[in-house]
Amino acid sequence: MFKLFRFLKPYRVSVIAIITLMLLQSLAQLYLPTLLSDIVDVGVVKGDVSYILMYGGYMLLVAMGAMACVMVASYLLAKTATGFGRDLRRNLFAHVESFSLHEFDKLGTSSLITRTTNDIAQVQQLVVMTRMFIGAPTMLIGGVIMASYKDAHLAIILIAVIPILALVIAGIMRTGLPLFKTLQVKIDGINLVLREHLTGIRVIRAFNRSEHEKTKFERANQDFTQVATKVNTIMASMMPVMMLIFNLGIVAILWYGGIRIDHNQMQIGDLMAFIQYAMQIMFSMFMMTMIFMMIPRASASAVRINEVLAIQTNIHNAPHAEKLHDNQTTIAFNHVTFSYPGAEQPAVQDITFEAAPGEVTAIIGGTGSGKTTLINLLLRFYDVDSGSITLNGLPLPSLSLESVRNQMGYVPQKAVLFSGTVTDNLRFGADVASPEDLAHAAATAQAAQFVEEMKDGYASVLAQGGTNLSGGQKQRLSIARALARKPNIYIFDDSFSALDFKTDAKLRAALKSETERATMIIVAQRVSTIMDAQQIIVLDEGRIAGKGTHSELMKTCEVYQEIVSSQLSEEESA
Ligand SMILES: Nc1ncnc2c1ncn2[C@@H]1O[C@H](COP(=O)(O)OP(=O)(O)OP(=O)(O)O)[C@@H](O)[C@H]1O
């Protein structure tokens, strides 16, 4: 957890001020009972009214000073803690941004969300407690010293009670500590079910699985509640036990104090002050218990945050990464093999081909044959296990990630749009594109007509994820977004599947003139989409089963023939 406190560095002046103010406040609190005992022993017992008024005035001043210290410290602390939380969230978000898909797969989206929100809130809460961190031990040690100063004999009772209390707290904490970690994992579980439920709501309703989902949520919720109840029960038992031990201590102090006053070994005012110190000690132990209750949970959260911060993704810019700034790009896969982490079989194996500028390279194959994997590798979402991918002869890892991705216009298999207007979405990868450029891209992608028919045209607001559009419309906007970038490399990952045959054909015809000089990689399920490609790569179970034009493959590649015969009539395929 201390590692995370490095994020408090920018607030060191505030932190020093808070510590100083809290020390002053504690000292003032410790001084008050002594003033009270003086008022009683000197003023009240001797009937000296002016002494009472003067020392009463001192007490008021000291109490007000203590209050002012607390107020300023609380203000500074609130500012520091919220700033700390904001900085930590910002850093964690930026760090997660750098992850490759491998790290996302490993940690899970839900857990990353919990870690960025709930876990940070736990640690932030601990920073808010800093006030108690300083106040509690000072009051405890100061209280014992002052009480001993008032009456060393009576202080023996206090000194005997404190270790008993400390032992009880330690025992309870030992049982509760491991449960705090489990608690955060259970929150991950709830987030996971919730996320799946909210994103898959349509499918859940269509399949009448609402009840099943409810049960799943109930189970996750119940799991969390069980652990939370257990933790709270353990923690709740702490207060009554502490109170009991302490009250017994007070009874003992009153009893023994009474005897000492009886024997003229102690004054009444000193006993009153002693009891106040005992109260302060008890209060500081309460505060310390609260801190101890927070620390395990916050440290479990801190471990989870540090876990994320400690992950170093291996997909980053090499120290002297070169920038790719050619206008045309030749892509080459050289004996590329890649397995997803934990997978038994490589997803793609010994893949070699070249995609030249001005040409269309199509990739076709059955489901799970590795088509999207090749695209993931080309976009450097993952690094290859063996072999290499080169752009204009330069290996992908030697090039700056930004410059490589700047060259690419990627249209994913499942269209992803963002909340905002149509223009915002089209401009996503082309900040400087003019409205005319965007309209042109939309027209090429066969999206112009439906966008213009929308209530506010290009200024129409899209719902989160583009849910107010049809699948085909989303797909076309996603294509227009890639076109607006005017990239050197186009990557269409099965991007025409949501389009009807007519729109598919019109779009491809419009694309041809736009992308004449570009390197086109088209992954497709439909043979009709890629029949005209200069090169077709046929994938089968992660390996290349054939390479060539449509007519060449029709003669040489059995897998291709099977795909074609399952889709086209003989006349079309000839
Ligand atoms: N993130 C992942 N983690 C582990 N295995 C994966 C992952 N993504 C894909 N795979 C596996 O890798 C293999 C190739 O998947 P890929 O998505 O490349 O196939 P595809 O040809 O694009 O399929 P489709 O046409 O159905 O989209 C499959 O066996 C799949 O189960």
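**Close-up views of a predicted model**

**View 1. In strand β4, Ser386 is the bridge partner of Thr337.** The model is predicted, so that local features require pLDDT of at least 70 and side-chain atom pairs pLDDT 80 or more, while totals for chains, interfaces and linings use all residues. Residues are numbered from 1 along each chain as its sequence is written, and side-chain values use heavy atoms, with hydrogens and water left out. Strands β1 (residues 331–338) and β4 (residues 386–391) pair in the antiparallel sense over 5 bridges; strands are DSSP runs of E with at least two residues, helices are runs of H or I with at least four, and both are numbered from the N terminus. Two strands count as paired if DSSP finds at least two bridges between them. These strands belong to an open sheet of 4 strands with antiparallel pairing, in the order β2-β1-β4-β5, whose edge strands, β2 (348–355) and β5 (394–395), each pair on one side only. Helix α10 lies across β1, β2 and β4 and runs at about 115° to β1, where contact means heavy atoms within 4.5 Å and angles, from 0 to 180 degrees, are taken between N-to-C directions of lines fitted to C-alpha atoms, for helices over the stretch in contact.

**View 2. A second open sheet has 6 strands and mixed pairing.** Its order is β6-β9-β10-β3-β11-β12, with β6 (408–411) and β12 (543–548) as the edge strands, each pairing on one side only. From one strand to the next the twist averages 15°. Strand β3 (residues 360–365) runs parallel to β11 (residues 535–540) and is joined to it by 5 bridges, and within this pairing Ile363 has Ile537 of β11 as its bridge partner. Helix α10 (residues 371–378) packs on this sheet as well, touching β3, β6, β9 (489–493), β10 (519–524) and β11, with its direction at about 150° to that of β10.

**View 3. Strands β11 and β12 form a hairpin with 2 residues between them.** The two strands pair in the antiparallel sense over 5 bridges, and Ile537 stands opposite Lys547 in β12. In the turn, Glu541 has a positive phi of about 45°.

View 4. Polar contacts are pairs of N or O atoms within 3.5 Å: a polar backbone atom of Gly368 is 2.9 Å from an oxygen atom of the ligand, an N or O atom in the side chain of Lys371 is 2.8 Å from a ligand oxygen atom, and a polar side-chain atom of Thr373 lies 2.4 Å from an oxygen atom of the ligand. Taken alone the ligand exposes 630 Å², of which the protein buries 62%, with accessible areas from the Shrake-Rupley method and a 1.4 Å probe.

**View 5. The unreviewed UniProt entry places an "ABC transmembrane type-1" domain at residues 16–297.** UniProt positions follow the numbering used here, and such annotations may be inferred rather than shown by experiment. Over residues 16–297 the chain is 94% helix and 0% strand, with the end C-alpha atoms 25 Å apart. The stretches that the entry lists as "transmembrane region" include 241–259 and 271–295. Residues 241–259 are 100% helix, and their end C-alpha atoms are 28 Å apart, while residues 271–295 are also 100% helix, with end C-alpha atoms 36 Å apart.

Technical notes:
Polar contact = N/O pair within 3.5 Å; in protein donor to acceptor, adjacent residues only side chain to side chain.
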